[in-house]
Amino acid sequence: MRIFDPHIHMTSRTTDDYEAMYEAGVRALVEPAFWLGQPRTSPDSFYDYFDALLGWEPYRAAQYGIAHHCTIALNPKEANDPRCTPVLDELPRYLAKDGVVAVGEIGYDAMTPAEDTALAAQLQLAAEHGLPALVHTPHRDKLTGLRRTIDVVRESALPPGRVLLDHLNETTVETALDSGCWLGFSVYPDTKMDEDRMVAILTTYGTDRMLVNSAADWGKSDPLKTRRVGEAMLAAGFSAADVDQVLWRNPVAFYGLSGRLRLNAPVPAALHEGNSVLRGGE
Ligand SMILES: [Zn+2]
């Protein structure tokens, strides 16, 4: 089973995770820029983070045979903090870089006017840079948030076929399908989707435009949830080709819209800026 995890925050994960992911079949992933839990107090800490997503993290992934890509954006939550919004002006410099395969994650957290501004501005940036967009949907008021998100997408210069709506569930899947966007589902250990609910959705709505991710991060999460979904699909009677479509070909098609996917992990470099995962450089 070959797996492309289209949404996982490896910055928060260990080398054991990389090893287990490779063993489970993960060969490529996308790491979206997101909120780190601790509020950032200046734009500069975003730039160091973005540089890590483009340098250190792909280096780490390559040590374990996994191709790493990222998406860059000012995340919805921190779009509300005026100390952070100057990041919007610096994004074009990052969106020009080869490892960046989309603008994201953008979208709504609390659905504030500041989030409206940041979402519209970043959809525009995606259109200008020829990139697709990864759009997070809010965890509270899900359907209202999704409808408002789709309205903003429709008013933007970015066609729905270049937008991935993420963190969907049973309450939002039909509205998302009707929008013409791609659909993302985050499968978590306790909350949001689990693998059986995911299989039920795929059984009802089919496998086209459907992406499954672990969204593993610093919270309770599991980087092998993609594999678990593949196994649950097979157990429910889906074919190996169906599993391959959901876990590999769909994410490749969506992020391939950037023209920047490199699906073979690069030959691992010995060092990144003089440092290695072995610390001593040995
Ligand atoms: Zn995320």
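The questions and answers below go through a predicted model of one chain.

Residues are numbered from 1 along each chain as its sequence is written. Because this is a predicted model, local features need pLDDT of at least 70 and side-chain atom pairs count only at pLDDT 80 or more, while totals for chains, interfaces and linings use all residues.

Q: How many helices and strands does the chain have?
A: Helices (H or I, at least four residues) and strands (E, at least two) are DSSP runs, numbered from the N terminus. On that basis the chain has ten helices and eight strands.

Q: What radius of gyration does the chain have, against the globule rule for 282 residues?
A: The radius of gyration is taken over C-alpha atoms, and the globule rule is 2.2 Å times the number of residues to the power 0.38. For 282 residues the rule gives 19 Å, and the chain comes close to that, so it is as compact as a globular protein of that length. The radius of gyration of the chain is 18 Å.

Q: What percentage of the 282 residues in the chain is buried?
A: A residue is buried if 20 or more other C-beta atoms lie within 10 Å of its own, exposed if 12 or fewer, and partly exposed in between, with C-beta atoms placed from the backbone. Of the 282 residues, the buried share is 44%.

Q: Among contacts between residues at least 6 apart in sequence, what percentage joins residues at least 24 apart?
A: Two residues are in contact if their C-beta atoms, placed from the backbone, lie within 7 Å. Among the contacts in the chain between residues at least 6 apart, those joining residues at least 24 apart make up 74%.

Q: Which residue in β4 is the bridge partner of T71?
A: Two strands pair if DSSP finds at least two bridges between them. Strand β3 (residues 67–72) pairs in the parallel sense with strand β2 (residues 26–32) over five bridges, and with strand β4 (residues 100–107), also parallel, over three bridges. On the β4 side, the bridge partner of T71 is A102.

Q: Which residues of β3 point the other way from A67, H69 and T71?
A: In a regular strand the side chains alternate between the two faces of the sheet. In β3, six of six residues are buried. A67, H69 and T71 point one way, and the other way point H68, C70 and I72.

Q: Which residue of β7 is the bridge partner of L164?
A: Five of the five residues of strand β7 (residues 182–186) are buried, so this strand is largely enclosed by the rest of the structure. W182, G184 and S186 cover one side, and L183 and F185 the other. Strand β6 (residues 163–166) runs parallel to β7, joined by two bridges. The bridge partner of L164 in β7 is W182.

Q: Where is the kink in α10 centred?
A: The expected span of a helix is 1.5 Å times one less than its number of residues. For the 16 residues of α10 (residues 240–255) this is 22 Å, and the end C-alpha atoms are 22 Å apart, which agrees. The bend at a residue is the angle between axes fitted to the seven residues ending there and the seven starting there. The helix has a kink of about 40°, centred on V246.

Q: How far apart in space are L134 and L165, C-alpha to C-alpha?
A: L134 is found in strand β5 (residues 133–136) and is buried, with 30 other C-beta atoms within 10 Å. Its contacts, leaving aside neighbours within four places in sequence, include P32, T71, A102 and L164. L134 and L165 are 31 residues apart in sequence, and in space their distance is 6.5 Å.

Q: Leaving aside neighbours within four places in sequence, which residues is L224 in contact with?
A: L224 lies in the loop between β8 and α9. L224 is buried, with 20 other C-beta atoms within 10 Å. Leaving aside those neighbours, its contacts are A20, M21 and A24.
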